[in-house]
Amino acid sequence: MFVKNDTIALRSAEPEDADLIFQWENDRDIWRVSGTHVPYSRFQIEQFLLGDNDIAAQKQLRLMIDLTENGQTIGCIDIYDYDAFNGRAGLGILVDKAYRQQGYAKAALALCIDYLFHNLLLHQVYCSIDETNRESQRLFVGQGFELCGRRKEWIKTADGYLDVLEYQLMNGLG
C-alpha cells in the first residue's frame, strides 16, 4: 500500500491479483470501455504482473483499489500514456460490479489524482469515455474534469458507432 485514506488504499498490482484481473479483463461487458477485443490468457496477465512496474520505463501503471477496513480488492486504476516530459497521463478506472454506486470509485480517483499531481508532479490528467457511459462521465466531472473534445464515431458496436468524449483535469499547483 502506498497511498490511502479512510476508505480506500491504492497499491501496485501483485502476482496474487492475477485471478481477479483475469476475471475483469475477460468480462465482455466492459471490453468496449477497455478497448479490448480478444480475451487475455492467465499467462499473459501473469507476465504483465511480473514485469517491470516502473511507470517511467513502461509508461503505464496499474494500481489496485483495496478497501481500507478489510483489505478487500474491489477494482483497479490504470495510469497510461504516461509522459513525464509533458507532465501528463491518461486514467481509467474499474470497480467490481458488486462495489459500484457506493462512493469507492470517487474516493479512489481522488486519491490517485492527488498522487499524480503531488508526487509525480503532473501538469494534467485526461480520460476518454464513450458517450453512453454516463456513470463515468459523472465520476470524472465530479472530480473537476472538463469536457475538451469529442471523437465522432470512434467506437464500433453491433448497433453502429459511438462517439468518445475527451476530458482533462489541469493541476492547479502551477
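Trainee: Arg 11 first. Buried or exposed?

Mentor: Arg 11 counts as buried, since its relative accessibility is 15% and the cut-off for buried is under 20%. Keep in mind that this is a predicted model.

Trainee: Which salt bridges does Arg 11 form?

Mentor: One is with Asp 17, where the closest N and O atoms are 2.8 Å apart. Asp 66 also forms a salt bridge with Arg 11, and there the closest N and O atoms are 2.6 Å apart. Arg 11 sits in strand 2 and Asp 66 in strand 3, so this pair ties together parts that are 55 residues apart in sequence.

Trainee: Which residues are on which side?

Mentor: Leu 61, Leu 63, Ile 65 and Leu 67 are on one side. Arg 62, Met 64 and Asp 66 are on the other, and both faces are covered. In a regular strand, side chains alternate between the two faces of the sheet.

Trainee: What does strand 3 pair with?

Mentor: Strand 2 is joined to strand 3 by 5 bridges, and the two run antiparallel. Ile 8 has Leu 67 as its bridge partner in strand 3. Strand 3 also pairs with strand 4, again in the antiparallel sense, over 6 bridges. There, Asp 66 has Thr 73 as its bridge partner in strand 4.

Trainee: How many residues are between strand 3 and strand 4 in the hairpin?

Mentor: There are 5 residues between the strands, and in this hairpin Gly 71 takes a positive phi near 75 degrees.

Trainee: New topic, packing. Which residues touch the most other members of the largest nonpolar core?

Mentor: Ile 8, Leu 10 and Leu 91, in a core of 36 residues. Elements that give two or more residues to this core include strand 2, strand 3, strand 4 and strand 5, as well as helix 5 and helix 6. Helix 5 gives the most, with 10 residues. Another core, of 5 residues, lies apart from it; among its members are Ile 21, Met 64, Cys 76 and Leu 94.

Trainee: Where does Ile 21 lie?

Mentor: In helix 1, which spans residues 18–25. Ile 21 counts as buried, because its relative accessibility is 1%. From Ile 21 to Met 64 is 43 residues in sequence and 9.6 Å in space, C-alpha to C-alpha.

Trainee: How many aromatic pairs does the search find?

Mentor: It finds 3 in the whole structure. For Tyr 80 and Tyr 126, the ring centres are 6.1 Å apart and the planes are at 85 degrees, so the pair is edge-to-face. Tyr 80 lies in strand 4 and Tyr 126 in strand 6, so the pair ties together parts that are 46 residues apart in sequence.

Trainee: Why does Tyr 126 count as buried?

Mentor: Because its relative accessibility is 19%, and the limit for buried is under 20%. Tyr 80 is partly exposed, at 25% relative accessible area.

Trainee: Last one. What lies over the face of Trp 154?

Mentor: Arg 151 does, at 4.6 Å from the ring centre.

Notes: Residues are numbered from 1 along each chain as its sequence is written. This is a predicted model: local features need pLDDT of at least 70, side-chain atom pairs count only at pLDDT 80 or more; totals for chains, interfaces and linings use all residues. Side-chain values use heavy atoms; hydrogens and water are left out. Helices (H or I, at least four residues) and strands (E, at least two) are DSSP runs, numbered from the N terminus. Buried means under 20% relative accessible area, exposed over 50%, partly exposed in between (1.4 Å probe, protein chains only). A nonpolar core is a set of buried Ala, Val, Leu, Ile, Met, Phe, Trp, Tyr and Cys residues joined through side-chain atoms within 4.5 Å. Rings of Phe, Tyr and Trp (its six-membered ring) pair if their centres lie within 6.5 Å; planes under 30 degrees apart count as stacked, over 60 as edge-to-face and the rest as tilted. A charge sits over a ring if NZ of Lys or CZ of Arg is within 6 Å of the ring centre and within 35 degrees of the ring normal. Two strands pair if DSSP finds at least two bridges between them. A salt bridge is a side-chain nitrogen of Lys or Arg within 4 Å of a carboxyl oxygen of Asp or Glu.
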